[in-house]
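Please read it alongside the sequence and the coordinates.

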Amino acid sequence: MRILAIETSCDETAIALLEAAGRLAAPKIRVVKNLISSQIAIHAPFGGVVPNLAKREHLKNLPMLYRKIFESSKSETRNSKQIQNSKFKIPKIDLIAVTVGPGLEPALWTGIEFAKQIHKELKIGNPRLKLVGVNHLEGHLYSFLLSQKRGMINNQLSMIKPWPAIALIVSGGHTILLKMDSLVKWKKLGETRDDAAGEAFDKVARILGLPYPGGPEIQKLAAQGNPQAIEFPRPMIHTKDYNFSYSGLKTSVLYYTRDQQLKTDDIKLKADVAASFQEAALEVLVAKTARAAKEYNAKSVFLSGGVAANAALREKLKVLSLKSKVNFLAPPMDFNTDNAVMIGVAGYLSYLRKKNRKITGQANLSL
Ligand code: KG4
Ligand code: ZN
């Protein structure tokens, strides 16, 4: 089955082409091509994503990426005019997968309308072509299935006994802990009550005068600082539930920097704030994941979402998993932040489950 996947929920326009086979217990997927057009430079001056700017950029990028994905790889260096004028041949597609939510409503609709349009056009010569709506969070969740070997989904699931598993999804919009009994059966244990973990990284970066998105910037600066320098709070670390809260931690950082009258050129203090904030933010994630893994006798821990790109978080969860003798799976670096490959994977699993979601923008869609 050949899958064309489209992702436009936030500030990345992404299209991927995948080949998929196999049943739900052991899906096999090959990534044929994976394209992302990032809008970071456009939103950075505003310190965050501007929904209508994202919409405008998606509208511009989608037709370009669509052409490019069907061209030979030699065309990577062409400019937009050359891409528009080039000829391209579309192979037979069996499934179009498009993100329907959660995300920014105007951004979601650009991908949905585009997917509907190409579905209509391609269906003329291919009446069995299907269109599935994908939950962006399922995309993140399943991204741990992608292997380090670029382009191949891993078969690790069939080689290990992974269930039950604890899955931590940490992105710019969500912080969710799940208990999974199979790839399609899960229970939500908890989530954030206010800001998401990635959002806290972005807001603290802003306080420190670092560019958007803040996660990678905080990680870089934290490497030069002392994580024990400042004792920031670890919100909800001792509560019996599996919920999270990040807005108080962000406020503590804000008050601390005000009290210290932090100057933009005080690199040493900024690095200590970044390192101490990161330590506090990650400690809560790791502590709750560890407790859930113990309580549910988990055989695996899965990590995904943009914050899964954080090296310190990956290392802490790896150490925890080694100590408790559980499997630890996280996506390769290319697939932590938003991409269309993960939407293709989730689309294939939705297709196998015969899950028919409405093909409409659903800003608050949950798992
Ligand atoms: O999953 P994602 O691309 O978009 C959403 O669905 O939200 O996640 C983006 C988030 C941003 O908040 C970004 O700052 C964060 O992931 N992020 C990181 C790192 N790289 C990206 N946070 C911490 N450390 C990183 N290295
Ligand atoms: Zn995302």
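## Backbone details

Lys325 lies in the loop between helix H11 (311–323) and strand E10 (327–329), where helices (H or I, at least four residues) and strands (E, at least two) are DSSP runs numbered from the N terminus. The phi of Lys325 is near 55 degrees, a positive value in a residue other than glycine. Most residues other than glycine have a negative phi, and most peptide bonds are trans.

One joins Gly101 and Pro102, with omega about -5 degrees, and Pro102 is found in the loop between strand E4 (95–101) and helix H4 (105–123). Another cis bond, with omega also about -5 degrees, joins Tyr212 and Pro213, and Pro213 has its place in the loop between H7 and H8.

## Basis of the model

The model is predicted, so that local features need pLDDT of at least 70 and side-chain atom pairs count only at pLDDT 80 or more, whereas totals for chains, interfaces and linings use all residues. Residues are numbered from 1 along each chain as its sequence is written, chains are lettered from A and ligands numbered from 1 in the order in which they are written, and side-chain values use heavy atoms, with hydrogens and water left out.

## Surroundings of ligand 1

Ligand 1 is surrounded by 19 residues, of which the closest are His140, Gly172, Asp202, Gly215 and Gln219; a residue is counted here if one of its heavy atoms lies within 4 Å of the ligand. By class, this shell holds five nonpolar, twelve polar and two charged residues, with Ala, Val, Leu, Ile, Met, Phe, Trp, Tyr, Cys and Pro taken as nonpolar, Asp, Glu, Lys and Arg as charged, and the others, Gly among them, as polar.

Taken alone, ligand 1 exposes 550 Å², and the protein buries 89% of that (Shrake-Rupley method, 1.4 Å probe). The elements that give two or more residues to the shell are helix H5 (136–142), helix H7 (197–207) and helix H8 (214–222), and H8 gives the most, with four residues.

## The largest pocketLigand 1 sits in the largest pocket, with more than half of its atoms within 2 Å of the grid points. A pocket is an open set of points on a 1 Å grid over the protein atoms alone, where a 1.4 Å probe fits, with protein on both sides within 12 Å along at least five of seven lines; lining residues have an atom within 4 Å of a point. H7 gives the most to the lining, with seven residues.
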